[in-house]
Amino acid sequence: MPSNARIGIVLLSLVFAGSVGLNSSAVTALAPTLVTNDNDGTTSYLRYDGTSDATTAACSSGRRSQNEPTVAVNPSDPDIVAAGSNDYCAQIVNGEVWAGYYRSNDGGATWAHSLVPGYPMDTSAAGAASPTHGMCAAAGDPTQSFDTGGRLFYGFICFNRAQPTNGSVYVATYTNNGATYVRTVRVDRGTPSTWGLFQDKINVTTDQTGGSHSDNVYVAWATYPGQSDNNRMMFARSTDHGATYSKPIAVDKGLSEKQFADLAVGPDGAVYLTYRTISHQPSTTDAIYVAKSADGGASFGLPVRVAGFTPFDDRDYGSSAGCGDGPFACATGFTYSRFSSLSAVAADEVGVHLVWSGRTGAGQGKIFVSNSTDGVLWSAPATVDAAPRGHQWFPDVASADGVISIVFYDSRRDPSYGPGVPPGNTAGGVNSGKVVDTRVARSGDGGDSWTEQVVSTVGSNFGWETHSSRRLGFWGDYNYISAVPGGVYTVWTSSQDLVPGADPRETGAADDEDLFDVYQPCTYVPNDINAPSYTSPTIDDPCLSQGGLDQNIYGARP
């Protein structure tokens with residue numbers, strides 16, 4: 001959850017600079033699988049112990065939003081895949097979003113669904129014992145990793161939108177190949193004050209090398225101190241399978257704002273942490289950094305600046321929080337959910353591979369890649385492909401079996417594409433259709449050349465007004481891909497199941513006709529799109545479970 005919305009987002013336990021080559025002929029559509037199913041009306045969601053409660057029952061038919069997906073493939077059995085998301089189905093009973101947990105035993109063909117224990121209305125034994133219970137109401141920023149023993153580590157943040165804020169980072173542990181919930185541990189705490197410490201955007205990985213640090217659990221996140229934009233990138237580790245975590249250490253000097261921590265472990269056990277810096281004042285710049293630990297996360301060398309870049313960020317089109325209707329309308333007339341540039345890292349026998357999203361000199365959003373043999377000296381940035389149109393953003397990267405895989409969103413099919421137009425909009429700010437694809441680029445030569453696949457069979461659009469009283473979109477801040485020997489799986493957020501509709505509050509001649517409204521047969525008081533708040537509907541109103549909020553997570557094996 002980036003700092004421009006750090007007090008607003010969302011999250012189980014379950015039983016069971018040049019351009020490199022592009023082979024355009026390799027672009028193929030694959031059949032994706034629906035990972036999240038909150039529409040069967042029975043018991044698609046269960047608690048960690050196989051029972052149901054009011055929250056899981058509501059989730060089973062709520063047709064609410066899921067976004068910011070994460071995924072982990074089990075290195076000891078690649079047919080076992082775990083996934084997670086910000087799951088808004090929990091709002092129906094709890095009033096807030098929570099961490100959704102989904103698990104597959106058949107390589108992602110079918111999924112079971114649950115929530116991490118500890119949500120506000122969780123009366124189970126594990127829920128009551130969780131350190132989140134009674135401390136924080138909203139959970140989000142999910143991240144997952146398996147170790148070599150079939151233990152799954154699920155990281156998330158948990159916070160309150162009002163005081164006491166208590167924005168802290170947690171990691172839940174599951175054993176039995178992710179089927180059995182064991183515990184949740186707080187790794188670092190936030191403070192009650194809104195302007196105190198807030199821990200944000202966690203990332204978790206494990207050492208799967210079989211070496212001296214094998215099965216260590218590594219955690220990185222951004223910590224925000226009060227009202228300062230200058231923050232720190234923090235790190236902690238567990239050497240006892242997630243039972244305890246080390247005292248957090250700062251990886252950088254805190255001289256600028258940093259976000260989007262991402263971790264990878266090389267074959268020799270070296271740990272790599274990447275993040276981006278954000279330009280706010282003359283002393284700070286937009287840049288990509290990597291820090292390296294050669295001792296299993298006990299300490300890190302000074303972060304290396306890999307590249308400066310021009311971000312592909314939402315603020316370029318009107319607002320850093322997105323643009324929508326009513327009080328969320330922007331002078332540009334565009335409608336879009338928030339997005340920003342981020343980096344991700346993978347490591348393998350060839351070296352370390354870094355990807356990030358940014359703009360070319362022509363203003364096009366692109367995925368950039370840089371490679372290193374040692375994590376210290378890096379190649380000049382190159383774009384993954386040479387497609388002359390379309391924006392690309394939200395990359396993640398993984399590597400196994402000699403193949404590097406990058407997942408990202410891509411709008412090259414959008415007939416209204418232009419550098420000065422956000423994805424999914426026409427120049428006049430109208431919905432341009434299902435024009436955003438999810439693609440996976442793959443390289444078998446260490447990142448020198450790439451081929452691509454389209455893994456989504458139905459396009460998406462991320463301007464749909466699903467949040468903030470259905471006047472603003474929110475579609476999350478990232479995608480995920482996981483790779484181990486014998487298995488690769490990727491997940492993304494899709495709008496393909498969302499039901500469009502007319503907003504009943506748009507009755508005035510001056511109200512927009514942007515075609516981003518969702519189906520919501522609700523009664524609003526006052527019936528005015530520009531109202532600062534409403535007395536109805538409440539978050540549990542059945543009018544909101546009719547498909548207009550039905551964001552879903554899809555996944556595929558590239």
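This is a predicted model: local features need pLDDT of at least 70, side-chain atom pairs count only at pLDDT 80 or more; totals for chains, interfaces and linings use all residues.
Residues count from 1 along each chain as its sequence is written, and side-chain values use heavy atoms, without hydrogens or water. Local features need pLDDT of at least 70, side-chain atom pairs count only at pLDDT 80 or more, and totals for chains, interfaces and linings use all residues.

Select 168-175 and 180-188, strands S9 and S10. Strands (E, at least two residues) are DSSP runs, numbered from the N terminus; two of them pair if DSSP finds at least two bridges between them. S9 and S10 run antiparallel, joined by seven bridges, with Ala172 opposite Thr184. Four residues separate the strands in this hairpin, and Asn176 in the turn has a positive phi of about 55°.

Next, show the open antiparallel sheet S19-S20-S21-S22. S19 (343-347) and S22 (382-383) are the edges; each has a single partner strand, so one side of each lacks a neighbour in the sheet. In S21 (residues 365-372), which pairs with S22 over two bridges, Phe368 faces Thr383.

Now pick Tyr317 and Phe334, with ring centres 6.3 Å apart and planes at 85°, an edge-to-face pair. Rings of Phe, Tyr and Trp (its six-membered ring) pair if their centres lie within 6.5 Å; planes under 30 degrees apart are stacked, over 60 edge-to-face, the rest tilted. Both residues belong to one aromatic cluster, whose members include Trp393 and Trp475.

Finish with Lys201, its charged end over the ring of Tyr478, 4.7 Å from the centre. This requires NZ of Lys or CZ of Arg within 6 Å of the ring centre and within 35 degrees of the ring normal. Arg505 lies over Tyr524 at 4.0 Å.
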